[in-house]
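Please study the sequence and the structure before reading each solution.

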4 protein chains.
Amino acid sequence: MHHKASRKQIDAVIATVKIMGLTAKPIPGSQRTAIGVLGNKGYINDLNIRDLPGVKEVIHVTKPYKMVSRDFHPRGTIINVADIEIGEGKRPIVIAGPCAVESENQIIRTAVAVKRMGADLLRGGAFKPRTGPHTFQGLEKEGLKLLALAKKKTGLPIVTEVMTPENVSLVSEYADVLQVGTRNMQNFDLLRELGRINKPVLLKRGMSATIEEFLAAAEYIYAEGNHKVILCERGIRTFETATRNSLDLSVIPLINELSHLPVIIDPSHATGKRSLVPPMSKAALVAGANGIMVEVHPEPDKALSDGPQSLTIQGFEKLMGEIRKLTSFLGY
Amino acid sequence: MHHKASRKQIDAVIATVKIMGLTAKPIPGSQRTAIGVLGNKGYINDLNIRDLPGVKEVIHVTKPYKMVSRDFHPRGTIINVADIEIGEGKRPIVIAGPCAVESENQIIRTAVAVKRMGADLLRGGAFKPRTGPHTFQGLEKEGLKLLALAKKKTGLPIVTEVMTPENVSLVSEYADVLQVGTRNMQNFDLLRELGRINKPVLLKRGMSATIEEFLAAAEYIYAEGNHKVILCERGIRTFETATRNSLDLSVIPLINELSHLPVIIDPSHATGKRSLVPPMSKAALVAGANGIMVEVHPEPDKALSDGPQSLTIQGFEKLMGEIRKLTSFLGY
Amino acid sequence: MHHKASRKQIDAVIATVKIMGLTAKPIPGSQRTAIGVLGNKGYINDLNIRDLPGVKEVIHVTKPYKMVSRDFHPRGTIINVADIEIGEGKRPIVIAGPCAVESENQIIRTAVAVKRMGADLLRGGAFKPRTGPHTFQGLEKEGLKLLALAKKKTGLPIVTEVMTPENVSLVSEYADVLQVGTRNMQNFDLLRELGRINKPVLLKRGMSATIEEFLAAAEYIYAEGNHKVILCERGIRTFETATRNSLDLSVIPLINELSHLPVIIDPSHATGKRSLVPPMSKAALVAGANGIMVEVHPEPDKALSDGPQSLTIQGFEKLMGEIRKLTSFLGY
Amino acid sequence: MHHKASRKQIDAVIATVKIMGLTAKPIPGSQRTAIGVLGNKGYINDLNIRDLPGVKEVIHVTKPYKMVSRDFHPRGTIINVADIEIGEGKRPIVIAGPCAVESENQIIRTAVAVKRMGADLLRGGAFKPRTGPHTFQGLEKEGLKLLALAKKKTGLPIVTEVMTPENVSLVSEYADVLQVGTRNMQNFDLLRELGRINKPVLLKRGMSATIEEFLAAAEYIYAEGNHKVILCERGIRTFETATRNSLDLSVIPLINELSHLPVIIDPSHATGKRSLVPPMSKAALVAGANGIMVEVHPEPDKALSDGPQSLTIQGFEKLMGEIRKLTSFLGY
């Protein structure tokens with residue numbers, strides 16, 4: 001409360017807290033009075049209190065997420081995809097592939113190459129979210145079929161994006177891991193729908209989502225019953241224009257403190273620049289990431305999307321060599 | 001091109017442009033060569049070019065939107081809702097009501113009051129997007145029915161949010177204007193679905209969307225056939241924590257230059273603070289907004305969401321008196 | 001404290017607070033214990049406490065500023081410059097002139113014109129902060145002399161920037177109001193030096209400064225003894241690139257709640273676009289600004305800096321006509 | 001130019017370019033005309049052109065910095081401090097010490113410990129920039145003397161901050177490397193003064209400075225004659241509040257492409273959280289940083305500033321062990 005808050009104002013706050021079904025506990029200080037709010041189960045809405053006369057500030061001690069919190073689940077969650085284990089203490093995984101599935105030749109050629117070089121999963125977009133309606137939006141179902149073909153040829157499990165609740169069941173037929181894109185991190189109907197399936201979900205951080213919002217979005221999936229959620233940092237939107245986004249690797253150890261879910265990094269979308277992908281991939285692994293997801297394209301100059309941030313196959317081969325040495329150094 | 005770009009590098013860029021089906025026109029300068037790309041219809045993807053060796057920078061002269069652009073439709077679009085006209089040269093409208101529909105008593109009481117004070121439309125959320133899954137998510141269909149009742153009692157047209165493509169048809173039955181929330185500005189399936197109905201859409205700017213992305217999102221609806229799009233600025237996410245968001249009113253004249261669509265302001269979500277709503281409402285009108293949307297609640301202290309930013313009925317009455325004088329001063 | 005914090009951890013926090021010379025008051029709750037820190041005079045450093053084992057969060061109830069706070073000085077400060085009064089309840093002032101003083105002809109021509117049209121003060125930069133060292137840095141002392149000449153011709157008091165403590169005395173000889181630029185808002189030696197003179201200071205908000213930091217910067221000047229501080233919002237840096245900065249007018253009523261100091265708006269630097277200056281100027285006045293500062297140049301196309309955001313003399317004349325009507329409507 | 005730009009508007013732009021002493025070269029396209037501006041030496045001000053009628057957009061091909069650019073100095077700069085070499089291809093350095101010099105006991109104890117554990121330089125602030133005037137501002141000259149004592153005891157060269165041009169000569173007497181803080185990155189008088197001395201300068205990135213502005217600030221020092229500039233990334237200000245700042249390690253390889261100057265990382269200020277410092281330190285080294293600067297305090301809980309982000313001596317010892325293994329793995 002303000003240092004000038006009247007007795008009446010303090011009582012009004014206490015009364016409001018009671019109306020909310022909670023317990024108010026006034027704590028008088030030398031200059032002002034604080035009022036503790038107790039007894040809530042989970043996060044409570046402060047909007048009933050925040051603007052009452054005499055209130056200086058409302059502070060939350062609890063969070064909008066609970067089940068994905070490390071507090072309530074101290075051991076790291078391990079997620080299985082085929083025979084691959086993702087999470088704390090496991091060898092970091094590498095997901096590789098083109099931004100978008102463009103043709104049979106492109107996806108098969110990429111899949112065969114990245115498999116040979118040691119990738120663990122194949123990525124490729126069949127449904128593509130694009131800023132404007134007049135650009136390539138993905139091959140859709142045809143793209144999913146090409147991914148299935150690539151899986152058949154190489155054995156690589158598939159990671160691909162789903163953009164809308166009604167497509168969850170379709171995409172589930174083809175994908176081993178369903179990806180939620182940055183623009184959909186708070187598409188709550190989509191999250192809930194994904195909470196009802198039994199396949200891992202790779203949830204990308206919204207481009208301007210706080211870590212708290214990111215974990216709360218994961219909670220939507222988790223609370224619905226699907227506990228296989230992999231978090232993916234892909235850069236945040238800032239004032240800087242020299243890189244596509246600003247990649248904040250400090251979220252890796254931070255999320256590891258706050259949550260038990262695995263966290264991986266997408267350095268391709270984060271930086272938007274091919275030459276920055278290898279150093280950021282290695283930095284992510286040293287910082288404790290449980291994996292990376294990188295874009296690889298056999299001919300980036302002809303890619304229908306995100307060419308400049310895609311590694312060539314040669315570039316990916318070089319990176320995989322470096323990663324092998326690094327993960328071995330790290331004890332995997 | 002870089003000042004050291006080789007003839008071969010320049011030729012490679014020209015060849016890539018040709019592969020894209022476009023015309024490349026090299027423009028040699030004293031220190032470096034520029035290459036113009038011509039003949040495209042609409043925005044083109046620069047990713048094939050941006051990282052070719054020797055390329056210094058790619059500049060776009062065209063935009064990811066076209067149909068919503070003022071260039072291609074110089075006269076301002078006027079949108080009709082019942083007998084109200086929204087847009088350039090028309091009296092600015094006032095949309096008022098609670099954040100969420102909570103009960104029959106609450107919504108009817110608010111509707112009757114704001115109608116009496118001169119509001120043009122009634123707002124109220126039946127489907128509520130919330131950060132975490134453990135908070136009040138709206139009354140859903142029951143809320144829509146209460147809004148219909150409020151409309152029946154007052155004659156006020158209804159503005160309410162739709163969050164998912166499959167609910168567009170349900171919400172259309174009750175709403176006069178369908179709102180897209182800030183988290184869904186790039187939910188492209190939702191936008192496309194809204195492009196296929198014949199009712200006005202109120203599109204809120206994403207909390208970290210650029211004006212270019214905002215107009216491109218409107219283009220998704222417009223291109224699908226629904227030309228009744230009202231843009232709504234509701235504050236952007238910045239480093240500042242003293243207000244809920246940072247309201248940038250300069251987008252009003254800016255959008256008026258770039259687009260023919262009407263633009264309104266939501267000062268309640270933008271500021272998150274009741275006391276800032278009246279000054280920002282009036283500032284918006286003077287800056288040229290085609291309307292404002294404000295939260296009003298009969299008992300903000302008991303509101304289930306956004307209480308601190310809601311005006312009381314008395315506060316709204318006072319604001320409406322000031323707005324009447326101001327719009328009269330502005331010549332309406 | 002965390003809900004699992006041990007008795008020992010709680011005691012360690014209490015002991016640390018005591019070492020800091022303050023009183024710790026534990027407040028046990030149903031799930032966790034809060035510890036109130038009391039008895040401090042002014043803001044305290046939480047760094048001794050924030051990372052102790054078991055601490056969940058530290059919340060500040062006090063602020064890094066005090067003397068500029070409305071709490072401790074409820075009536076608005078009025079600042080006199082010549083016979084002009086700036087502040088609460090007074091007619092909003094207009095400061096006009098070029099970004100930089102370029103020549104005698106340019107500054108005199110502008111001064112005579114803006115005086116005739118009703119400007120209250122003349123602005124013009126003699127010392128110019130520029131991103132790179134290879135661009136025009138201002139006429140320096142020669143520029144100050146030209147401003148003095150313009151003042152002699154027109155009677156307009158002068159607002160001009162000072163960039164370094166050692167120039168405060170020189171600039172004071174010529175200026176009626178000394179401006180601190182956005183890049184220097186936290187140049188604390190400069191602020192302290194300005195706190196020791198007896199002339200008004202116009203303090204621009206740092207381009208990424210929070211309101212709290214802005215008021216704390218004003219406190220540096222105020223605490224040193226100079227109480228004549230005018231705050232100036234000039235747009236903040238965000239992800240948006242369509243405008244030079246993002247102008248948040250909601251800081252006007254917000255600062256009016258938090259502080260007793262006058263606040264003015266610079267719509268020219270905020271938007272970077274001439275066409276946005278008039279609507280933002282008028283919006284600022286309606287929102288309660290105590291004045292505006294706009295760039296005017298007789299030939300913006302030839303300006304050595306900030307031409308695109310400068311009004312022409314004709315443009316300024318038109319704006320002044322509109323402002324006169326508006327301030328009259330507002331009751332001045 | 002706009003696609004509707006008239007012949008007259010095009011000619012006006014060409015004429016303006018000529019007035020600026022440059023060459024204009026019109027390039028007609030199928031829909032619009034581009035005008036190349038040639039013959040400039042270094043960055044030119046576009047403000048004369050940007051708002052002329054018919055102009056759609058102005059694109060810069062040159063930058064506000066030149067001498068610090070890799071283009072003009074392809075080999076990485078190596079900077080010597082005592083017998084330590086900092087820069088490309090050299091073993092990454094470790095700068096360690098407390099945020100502020102607080103007492104003889106504190107600084108000597110820290111210096112002896114970090115020396116023993118392998119630190120290369122000692123950091124410690126004698127002049128401290130603080131948000132508000134009512135907090136500890138550093139021991140000033142007394143602090144410099146204590147640093148000199150610590151150097152005498154350990155042989156460690158000293159890195160310490162200088163805040164104002166008039167103190168450059170004083171601080172130079174004691175410091176081996178002079179630090180410019182984030183708030184002073186665009187204190188151009190300070191930069192110029194540092195350009196006139198013959199000691200290395202550690203320039204911290206402004207908390208909201210773009211990489212272009214950062215390099216332009218370095219250019220101020222470099223252009224004045226002092227070529228010994230070390231760049232330091234310390235996190236940028238974003239919307240995220242879970243960390244003190246957002247550390248973007250992708251600037252390491254990016255700066256290595258753009259500039260020949262060494263770049264180091266300060267993970268302590270970047271994250272504000274002790275537990276994030278070790279993973280971010282190691283990630284920085286793997287990403288190619290030429291060094292790190294970390295805060296170490298013998299009793300962080302009693303530190304007068306930045307305690308929560310300071311490593312304990314034990315924590316630093318552990319980190320140094322890990323760094324030794326990592327740099328050995330990296331080939332140093």
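Axes are lines fitted to C-alpha atoms, for helices over the stretch in contact, and angles are taken between N-to-C directions. The model examined here is predicted.

**Exercise 1.** Determine how helix α6 of chain A is oriented relative to helix α7 of chain A, and state which classes of residue form the contact.

*Solution.* 
Step 1. Helix α6(A) covers residues 211-223 and helix α7(A) covers residues 251-258; the two pack at an angle of about 55°, and their axes are 12 Å apart.
Step 2. Because of this angle, α6(A) is oblique to α7(A).
Step 3. The crossing in which α6(A) passes α7(A) is right-handed.
Step 4. From α6(A), the residues Ile211(A), Phe214(A) and Leu215(A) meet Val251(A), Leu254(A), Ile255(A) and Leu258(A) of α7(A).
Step 5. Sorted by class, this contact of α6(A) with α7(A) contains seven nonpolar residues, no polar residues and no charged residues.

**Exercise 2.** Carry out the corresponding analysis for helices α9 and α10 of chain D.

*Solution.* 
Step 1. Helix α9(D), residues 277-286, packs against helix α10(D), residues 313-329, at an angle of about 20°, with the axes 11 Å apart.
Step 2. Angles under 35 degrees count as roughly parallel; therefore α9(D) is roughly parallel to α10(D).
Step 3. α9(D) passes α10(D) in a right-handed crossing.
Step 4. On the side of α9(D), the contact is made by Pro278(D), Ser281(D), Lys282(D), Leu285(D) and Val286(D); on the side of α10(D), by Leu319(D), Glu322(D), Ile323(D), Leu326(D) and Thr327(D).
Step 5. The contact of α9(D) with α10(D) comprises six nonpolar, two polar and two charged residues.

**Exercise 3.** Describe the packing of helices α2 and α3 of chain B.

*Solution.* 
Step 1. Helix α2(B), residues 104-117, and helix α3(B), residues 141-154, pack at an angle of about 35°, and their axes are 9 Å apart.
Step 2. α2(B) and α3(B) form a right-handed crossing.
Step 3. Among the contact residues of α2(B) are Ile107(B), Ile108(B) and Ala111(B), and among those of α3(B) are Leu146(B), Leu147(B) and Ala150(B).
Step 4. By class, the residues of the contact of α2(B) with α3(B) are eight nonpolar, one polar and three charged.

**Exercise 4.** How many residues of chain D are in contact with chain C, and how much area do the two chains bury between them?

*Solution.* 
Step 1. In chain D, 49 residues are in contact with 49 residues of chain C.
Step 2. Between them, chain D and chain C bury about 4,200 Å², of which 49% is on carbon and sulfur atoms.
Step 3. Within chain D, the residues that lose the most area to chain C are Asp51(D), Thr131(D) and Pro308(D), together 13% of what that side buries.

Conventions. Residues numbered from 1 in each chain as written. Chains lettered and ligands numbered in written order. Predicted model: local features only at pLDDT ≥ 70, side-chain atom pairs only at ≥ 80, totals over all residues. Heavy atoms only, no water. Axes fitted to C-alpha atoms, helices over the stretch in contact; angles between N-to-C directions. Helix = DSSP H or I, 4+ residues; strand = E, 2+ residues; numbered from the N terminus. Parallel < 35°, antiparallel > 145°, perpendicular 65-115°, else oblique. Left-handed = near helix turned anticlockwise from the far one by under 90°. Contact = heavy atoms within 4.5 Å. Nonpolar A, V, L, I, M, F, W, Y, C, P; charged D, E, K, R; others polar. Buried area = accessible area lost by both parts, 1.4 Å probe.
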